[in-house]
Amino acid sequence: MRTQLPSILLLAVLSAVAFQSHATKGYPTPGWNRIKKMEDYHVQSIARFAVAEHNRQTGDKLEYVRIYRGYVDGQYYRLFIQATDHVKTRKYEAVVFEKLWDKVRELVYFRSSS
């Protein structure tokens with residue numbers, strides 16, 4: 001057992017170093033990853049879907065203005081959106097589930113954000 005301890009420690013250290021170098025090279029890491037290109041058509045499409053679906057579910061008449069921050073975790077998009085009710089522009093947070101290959105989008109939640 002004593003001879004295995006240095007080997008186990010070495011393996012743990014090498015794994016941590018490998019994971020860190022993998023994460024710093026731009027590869028996705030577990031959890032929410034920031035979306036770097038807010039102007040991407042696909043991201044814009046999901047944000048517009050979130051506002052339209054919220055309007056459909058609640059009867060509100062919000063109009064999409066822009067997305068100012070977003071994160072992705074697998075099939076989930078967490079988007080911070082500005083929308084207007086034609087009186088005041090407010091900030092909202094939305095989470096959308098998307099299964100691209102099945103052409104499925106689902107609004108998980110849409111709420112006011114500060």
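What is the order of the five strands in the open sheet, and is their pairing parallel or antiparallel?

Modeller: This is a predicted model, in which local features need pLDDT of at least 70 and side-chain atom pairs count only at pLDDT 80 or more, while totals for chains, interfaces and linings use all residues. Residues are numbered from 1 along each chain as its sequence is written, and side-chain values use heavy atoms, with hydrogens and water left out.

The five strands of the open sheet follow the order 1-2-3-4-5, with antiparallel pairing. Strands are DSSP runs of E with at least two residues, helices are runs of H or I with at least four, and both are numbered from the N terminus; two strands pair if DSSP finds at least two bridges between them. Strand 1 (33-34) and strand 5 stand at the edges with a single partner strand each, so one side of each is left without a neighbour in the sheet. Strand 1 is joined to strand 2 by two bridges, and R34 has Y71 in strand 2 as its bridge partner.

Helix 2 lies across strand 2, strand 3, strand 4 and strand 5. H54 has its place in helix 2. At 11% relative accessibility, H54 counts as buried, a term for under 20% relative accessible area with a 1.4 Å probe and protein chains only. Leaving aside neighbours within four places in sequence, H54 is in contact (heavy atoms within 4.5 Å) with G59, D60, L62, L107 and F110.

Notes
Buried means under 20% relative accessible area, exposed over 50%, partly exposed in between (1.4 Å probe, protein chains only). Axes are lines fitted to C-alpha atoms, for helices over the stretch in contact, and angles run from 0 to 180 degrees between N-to-C directions.
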